[in-house]
Amino acid sequence: MITVNPDGKIMVRRCLVTLRPFRLFVLGIGLFSLCFLMTSLGGQLSARRPGDSPFTIRTEVMGGPESRGVLRKMSDLLELMAKRMDTLARLENSSELHRAASNGHFAVDRSPAGAGLMERIQAIAQNVSDIAVKVDQILRHSLLLHSKAVSEGRRDQCEAPSDPKFPDCSGKVEWMRARWTSDPCYAFFGVDGTECSFLIYLSEVEWFCPPLPWRNQTATQRAPKPLPKVQAVFRSNLSHLLELMGSGKESLIFMKKRTKRLTAQWALAAQRLAQKLGGVRRDQKQILVHIGFLTEESGDVFSPRVLKGGPLGEMVQWADILAALYVLGHGLRITVSLKELQSNLGVPPGRGSCPLTVPLPFDLVYTDYHGLQQMKQHMGLSFKKYRCRIRVIDTFGTEPAYNHEEYATLHGYRTNWGYWNLNPKQFMTMFPHTPDNSFMGFVSEELNETEKQLIKGGKASNMAVVYGKEASIWKGKEKFLSILNKYMEIHGTVYYESQRPPEVPAFVKNHGLLPQPEFQQLLRKAKLFIGFGFPYEGPAPLEAIANGCVFLQSRFSPPHSSLNHEFFRGKPTSREVFSQHPYAENFIGKPHVWTVDYNNSEEFEAAIKAIMRTQVDPYLPYEYTCEGMLERIHAYIQHQDFCTAPGPAPPGARAPQSPFILAPNATHLEWARNASLAAGAWPPAHSLRAWLAAAGRACTDACLDHGLICEPSFFPFLNSQDAFRKLQVPCDSTESGMNHLYPAFGQPGQECFLQKEPLLFSCAGSSTKYRRLCPCRDFRKGQVALCRACL
C-alpha cells in the first residue's frame, strides 16, 4: 500500500490552483515561441553554404528584415503577455485576500508561486529580446559581407567593355559616374551609383552598352506582342470626338462648335470616299494628337484672344485635322496639357533625361512646334527612336536647309524653329506652298446647288467686307477705303469693347466680332471681300470665295520674306510671298481672285470697277472640301512611312541600269515604260519628270513652269552621273557635297554636283551659279498633293 505525504498532496493541489487554465496557456505560448525561435535560427545556421562562417546566416532562407521582424514580434508578444499576467495576478491576489478574510484565514503560500511564474515569463521575454538584438547584429554583418562579396565577385563583370559595336559605352559610363544624380529618372530605373547599375541601365534601358552576360536577358529582350490589326471603319457620328476634345478653354469651345457645325458634311464626305476606295483595306492606327500651342507651358496666347478678334486659322485647321482622323476610323487620344502628354507617352518621373518606360503605344503623333519641343524635353533618347512617327503641323513650312541642324548652323539658316533633322515631308502645311513639306490643309463649308442658287439671287452688287478683325489692320488704309467707299458700302467685323469703339472710318458699318454662322451670312450677301495685306494665308479668303465673293488683295513688291519683313523673320523658310494669299493667286486666280498693286491708285480703282461688272459663282477647290481632306490624309497614312523607308544609295555608287529615257523633244527625262518600278516608292516613280532648271531658278518654280509639281522624294533617283548624262549635260567632273541646291550643274566650270546628305534634298532654293536638276510630277486637278496614280 502506497502512502502519500499529505504535504505533497497539498503542494500539487496548490500548484494546480496556482496554474489556472489561462496561466497554463500563457506558459505554453512562451515555451512554443522559444522553441520556434531556436528552430528558425537553427534552420538558418544549418542552411549555410560550404565554406561559410558558422556565424554567417543565409538571408535567402529567411530574409534579414523578415527574421528581425519575427523576433521583434515574439518579444513584443511575450512582453504584452507578461503585463497582462501581472495585472491578472494583482486582481487574483486581491480576490484571494477577500476570500481568505471571509473564511477566516489568508492564502499566504500562493503568492510566492504566482510571483515566481511571472518572473520566469519576464525572463523569457527579456532573453528573446536580447536574442533579437544579437540576431539583428549578425544579420547586418552578414548582409554587409554578402554585398561586399557580390561586389568583389562581379567587379570584373561590371567594367565598361571595349566593344567596337558599342563605341560610346565607356564614355557614357564616365558620364553616368559624374551625372547620374542630375535626374531622378536614373534612380527610377535602378541606378544607385555602382558600376553594375550604370552598365545595366546603359544596356537595358538605353542602348549604348552590350548586354551583361550574367543578366537575365529573357526579361529585357522580350518585346511586347503587337496588338492585332483592326480594320478602320468610316465614322459619321462625331459625338465621341467632341467628348475627346475636352473643354475649359475658349479655343476648344470654338473648335468643338466648328466640328459640330460641319458634322453633316463630314458624314457625306466619308460616304463618298468609301465608295471611291471600294474594298481597299485600311488598318486602324492609334494616333496621339498633342496641340502644343494650347498648353499652359507654351503660354496659350490663343485661347484668351478667341473672343477678341485673335487669329483663328490654327484652331480651324486643328479642328479639321481631328475630325478627319476620327472620321477615317482611327483611334485618337487628344492632349492639350504637358501632364496629359507625359502620361500618354509613359514619361518616367524626373527631368526628361531617360527614355520612356514603355514602347510608344501610338503609330502616329500629330503635334506642332511647341509640342515637338515638349516631346524632345521629356522623351529622352526615345525621341530620336520614335521621331519618325511624328507629324508637325506647320503653317508656313520648314525648308530642308533650315531643318538640317549641322547645315543650318554652318550656313546661317538656323532659327528658333528649325534644325530638327526630320524628313521634311513630316512637316505639314496649311497651304501647298512648300512641296518639300506635306500639304495638310483644312476645310471650308461646301454649298449644295440649292444654296448656291440662293446666294446668287441674294447678292448685293455694291457691298464689300474688309478682311481684318483687329483695328491695327485698318490703320493707314484710309486712302484705299475712301476710294472703295465711292463705289461700295463697306462692312467690317472689328472687335471692340462697348466703352471703346474701334478706330475705323465713320462710313464703315462695323458689326463687331461675329460668330462663324453670322459671318458666313454676311459673306453670302457681299460682292467683294478685300484684304489689306495682313493676315497672311488665312482661311477666310477661301470661305469668302466659297460663298460667292470676289477676293481682292495686294501684290507685294518687293515680295515679303524673312529677309525684309518682321513677320517672317525667324521662320524656317526663305519663301518669298508675292501677295497676301499666294494660294488664292496661283491656284484659283481670276475671276475669283484679283491681285493688284495697292500703291497704284488707278490700278486699285480700275480693279474695283471691273469686279462690280464681274459675275462669279461660289467656288471651292476640291482639296479644301471635307472629301478632299479625307482623301489626302488617307493617302498620307496609307503610304507615308518615314521609319522604314530605305535610304538612297551613296553618290557615286555603281547603280543598276538607268530607268530613265530622254523625252522625244529632248527637253527632260521620263521613267521608261519597260523599267521596273521602284519598290516602296510613293508617289509611284512612273510619274517622275526630270528637268534641268535655268540658272537662278528654284525647282519649285521650274516644275510649275511646266504645269507640274516638284516632288522631293524623287531626288534620290536623279542623284547620279547617269541622270546628267541622259540629259546630255557635259560634266567635266563630278563632286559630292552637302548643299541644299544639289544635284546641280555648276556654271561656269562644267562641273556636276551630287547630293551627299539625303535630308538636304530640296525643291526650294536657287543660285545663279547653278542649274538645278529638278524632279517633277503630275498632280490631280484640285488635289495638288496627290499625283494622278497616288490614291
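**Backbone, rings and a sheet in a predicted model**

Trainee: Alanine 666 first: how does it count, buried, partly exposed or exposed?
Mentor: Alanine 666 counts as partly exposed, because its relative accessibility is 45% and that class runs between 20% and 50%. Keep in mind that this is a predicted model.

Trainee: Where is alanine 666 in the fold?
Mentor: Alanine 666 is in the loop between strand S14 (660-662) and strand S15 (669-671).

Trainee: Is glutamine 728 buried or exposed?
Mentor: Glutamine 728 counts as exposed, because its relative accessibility is 61% and the class begins over 50%.

Trainee: Now peptide bonds. Which bond at proline 591 is cis?
Mentor: The one from lysine 590 to proline 591, with omega near 5 degrees. Proline 591 belongs to the loop between helix H22 (582-588) and strand S13 (593-596).

Trainee: What joins glutamine 747 and proline 748?
Mentor: A cis peptide bond, with omega about -10 degrees. Proline 748 sits in the loop between strand S19 (744-746) and strand S20 (751-755).

Trainee: Changing topic: how many aromatic pairs does a search of the whole structure find?
Mentor: The search finds 41 aromatic pairs. Phenylalanine 431 and phenylalanine 442 form an edge-to-face pair, 5.6 Å centre to centre with 85 degrees between the planes.

Trainee: Where do phenylalanine 431 and phenylalanine 442 lie in the chain?
Mentor: They are eleven residues apart, and the pair links distant parts of the chain. Phenylalanine 431 is in the loop between strand S5 (427-429) and strand S6 (438-439), while phenylalanine 442 is in the loop between S6 and helix H18 (449-458).

Trainee: Are phenylalanine 431 and phenylalanine 442 buried or exposed?
Mentor: Phenylalanine 431 and phenylalanine 442 are both buried.

Trainee: Which residues do ring pairs link into a cluster?
Mentor: Phe396, Phe534, Tyr536, Phe556, Phe567 and Phe568. Lysine 571 lies over the face of phenylalanine 567, at 4.2 Å from the ring centre.

Trainee: And arginine 235, which ring face does it lie over?
Mentor: Arginine 235 lies over the face of tyrosine 326, at 4.3 Å from the ring centre.

Trainee: You mentioned S5 and S6. In what order do the six strands form the open sheet?
Mentor: The order is S2-S1-S3-S4-S5-S6, and the pairing is parallel. Strand S2 (331-335) and S6 are the edge strands, each pairing on one side only.

Trainee: How many bridges do S4 and S5 pair over?
Mentor: Strand S4 (residues 390-393) pairs with S5 over two bridges, in the parallel sense. Valine 392 has phenylalanine 427 in S5 as its bridge partner.

Trainee: Last, the whole protein. How many helices and strands?
Mentor: There are 27 helices and 21 strands. The protein has 791 residues, of which 48% count as buried. The accessible surface comes to about 39,400 Å², and 54% of that belongs to carbon and sulfur atoms.

Trainee: What share of contacts with a separation of 6 or more comes from residues 24 or more positions apart?
Mentor: Residues 24 or more positions apart account for 72% of those contacts.

Definitions and conventions: Residues numbered from 1 in each chain as written. Predicted model: local features only at pLDDT ≥ 70, side-chain atom pairs only at ≥ 80, totals over all residues. Heavy atoms only, no water. Phe/Tyr/Trp six-rings, centres within 6.5 Å; stacked < 30°, edge-to-face > 60°. Helix = DSSP H or I, 4+ residues; strand = E, 2+ residues; numbered from the N terminus. Buried < 20%, exposed > 50% of the residue type's maximum accessible area, 1.4 Å probe, protein only. Lys NZ or Arg CZ within 6 Å of the ring centre and 35° of its normal. Pairing = 2+ DSSP bridges. Contact = heavy atoms within 4.5 Å. Areas by Shrake-Rupley, 256 points an atom, 1.4 Å probe, with all protein chains shown as cover.
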